[in-house]
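Have the viewer open and follow along.

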Amino acid sequence: MDADRRAAFLKQLHDAVVDMDEEKTPRLCREALEAGIDAYTAIMQGLAAGMDTVGRLYEQKEYFVPELLLCSDAMYAGLEVLRPQVKVGEHEAAGKIIMGVVEGDIHDIGKTLVKTMFEAAGWEIFDLGKDVKLERFAQTLRETGADVVALSALMTTSMMAMPKAIAMLKAVDPKVIVLVGGAPLNAEIARQYGADGYAPDAIAAVETAGRLFTKAA
Amino acid sequence: MHLPQDRMTSQERMAALFAGRRPDRVPLGAMSTGFNTRNAGHTVAEAYEDPEKSFADMQWTTEQYGWDPIPQYAGHTVLGAWDFGGQVRMPRGEYEGALVVTDYPVKTEADIERLRLPDPRTAGRIPLALRFARLQAEQGLPVYFFSRSPFTMAANIAGIDRFLRWTMKRPELCEQLLALSIDHIFNVLGLWVDTFGAERVFAWMSSPTESNQLVSPRIVKKFALPYHLAYHRRLADLGVRRFGFHICGEQNLNLPLLAEACPWSHPSVLSFGHEVDLETAAAHFPKDILFGNIEPAVIQTGTPEAVYALCRAAIEKGKNAPGGFILGPGCGLPVGAPPVNVYAMTRAVHDFGWYAA
């Protein structure tokens with residue numbers, strides 16, 4: 001396939017994600033595979049590139065959470081087609097991350113968006129869901145040896161679980177990078193709680209994790 | 001509690017504020033449902049399920065910290081998920097501070113077709129809220145009726161992520177839920193007016209799902225604003241004059257829309273989070289009483305000195321707002337807030353809140 005045609009395919013994939021088109025995106029993914037485009041390339045230069053643009057639109061206050069959710073739906077619909085075609089072991093994940101909403105909190109919309117952005121950035125994700133018992137974060141860290149743990153809380157009450165969770169995680173692996181986020185948190189509280197980083201939104205979470213991970217490496 | 005320099009009782013202070021006159025000092029209030037019961041050695045769940053205990057704890061806490069009776073309630077009078085048949089459980093454990101929805105009544109379009117308006121005498125925790133309201137009435141206090149905005153209630157019926165997706169893909173389903181939500185609010189509000197009289201009822205609303213942390217002003221204009229207009233038409237028809245609005249979270253992009261529509265009677269109490277600057281709020285809403293906006297996370301995790309400094313800055317900004325000002329947390333007072341941090345708000349009012357006699 002010539003470079004122009006390949007670029008046009010990838011641009012269409014990018015646009016379908018940005019346009020929140022959950023039907024068109026998997027169809028284009030199938031067409032891309034049939035046309036001989038490598039699945040991993042279609043993910044990273046099509047779907048993930050689309051989510052990068054979506055992140056910028058969010059930062060510019062063009063897109064808000066409803067738009068992010070629909071773009072995310074489109075991306076996942078595409079991933080379902082492409083992922084089984086990626087050759088196992090051929091591409092290394094950007095890093096391993098455990099994420100979840102802490103015990104006592106069922107608000108998971110922020111964590112869902114964080115997951116999408118890490119997915120787009122090529123991380124291996126262990127999503128523990130919402131209202132996660134603190135011991136489960138530590139147990140999953142023991143089992144997976146993840147590089148980063150991202151804790152989310154929306155309530156001032158539930159964020160009080162974070163210092164305990166962070167202490168438990170650091171006891172398992174002092175080098176693990178712990179990020180916190182959620183509406184009541186800020187950088188100062190993150191510091192008080194012993195977190196390595198704070199991110200005000202899903203886009204910043206990926207950037208912060210990437211920066212801290214590179215620094216630690 | 002009567003501060004040594006007080007020249008007015010709480011009732012006189014609030015009356016002056018609503019009459020557009022300067023009170024003796026900046027009033028102080030808090031949305032403090034779970035904090036009250038924890039403060040009195042009870043559980044957060046008891047704030048929601050034991051109206052008598054909740055009311056007594058509220059009265060003691062109000063006296064302890066020198067709060068004025070604004071706003072005073074124990075959780076929402078009406079709820080979306082619970083009232084419409086979903087599953088809700090009481091808060092439990094170390095880290096829960098509010099009711100927890102475990103199952104939403106609407107998951108599909110067909111679920112909406114099956115929804116019926118709840119019976120205001122039996123649904124959710126309305127009967128318990130009515131018992132709490134009777135205690136307020138017996139003590140000569142305003143009878144608070146607390147609902148979410150129709151937009152926020154509709155999202156609570158369907159679950160927020162589903163509802164937000166529908167704003168983009170199935171707007172007609174959102175409209176159905178919004179219509180049911182506002183009808184439910186007014187069915188119950190009608191019961192309150194019949195029971196206590198419109199003059200005694202203080203309608204209070206919060207709108208967290210309209211926050212720009214979630215939705216654009218486009219969505220607010222399309223789905224939320226028409227129901228704010230309808231709400232205030234119906235509130236006026238019922239004869240309820242007192243209204244408070246907790247404009248929850250980051251809503252700076254919505255302020256011009258709300259200021260232009262401004263459907264409430266004046267003065268109403270407009271409560272802001274720390275995300276909205278009080279001078280900005282005063283510029284948008286010069287005829288209304290501002291309430292806020294101390295950051296709850298600082299009240300919970302900061303030092304008393306930090307809370308005191310925030311309060312001083314807020315008083316200096318808000319004290320001369322043309323419509324008046326009440327100091328308080330920018331959202332619900334965290335249930336586990338250290339008592340000294342809560343007292344720091346009282347002390348700041350005592351030190352900086354006085355108006356010239």
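Buried area here means the accessible area, taken with a 1.4 Å probe, that two parts lose on being put together, summed over both. On that basis, chain B and chain A bury about 2500 Å² between them, and carbon and sulfur atoms give 62% of it. Keep in mind that this is a predicted model, where local features need pLDDT of at least 70, side-chain atom pairs count only at pLDDT 80 or more, and totals for chains, interfaces and linings use all residues. For bookkeeping, residues are numbered from 1 along each chain as its sequence is written, chains are lettered from A and ligands numbered from 1 in the order in which they are written, and side-chain values use heavy atoms, with hydrogens and water left out.

Who touches whom? With contact meaning heavy atoms within 4.5 Å, 30 residues of chain B meet 31 residues of chain A. Between chain B and chain A there are 8 residue pairs in polar contact, both residues at pLDDT 80 or more; such a contact is a pair of N or O atoms within 3.5 Å, where within protein one must be able to donate a hydrogen and the other to accept it, and residues adjacent in sequence count only if both atoms are side-chain atoms. On chain B, the elements giving two or more residues to the side that touches chain A are strand 2 (100–103), helix 9 (160–169), helix 11 (217–238) and helix 14 (296–301). Helices (H or I, at least four residues) and strands (E, at least two) are DSSP runs, numbered from the N terminus. Helix 9 of chain B brings the largest share of that side, 7 residues. Sorted by class, the side of chain B that touches chain A has 15 nonpolar, 7 polar and 8 charged residues, with Ala, Val, Leu, Ile, Met, Phe, Trp, Tyr, Cys and Pro counted as nonpolar, Asp, Glu, Lys and Arg as charged, and the others, Gly among them, as polar.

Now for the salt bridges, each a side-chain nitrogen of Lys or Arg within 4 Å of a carboxyl oxygen of Asp or Glu. The interface of chain B and chain A has 3 of them. One pairs B:K169 with A:E22 at 3.2 Å, N to O. Over all chains, the salt bridge count is 30. B:K169 sits in helix 9 of chain B and A:E22 in the loop between helix 1 (3–18) and helix 2 (24–34) of chain A, so this pair joins two chains.

Finally, the backbone. Most residues other than glycine have a negative phi, and most peptide bonds are trans. Which bonds are cis? The one from B:I70 to B:P71 is, with omega near -20°, and B:P71 lies in the loop between helix 4 (51–65) and helix 5 (80–83) of chain B. The bond from B:H266 to B:P267 is also cis, with omega near -5°. B:P267 belongs to the loop between helix 12 (255–261) and strand 6 (269–272) of chain B. B:C262 is in the loop between helix 12 and strand 6 of chain B, and has a positive phi of about 35° although it is not a glycine.
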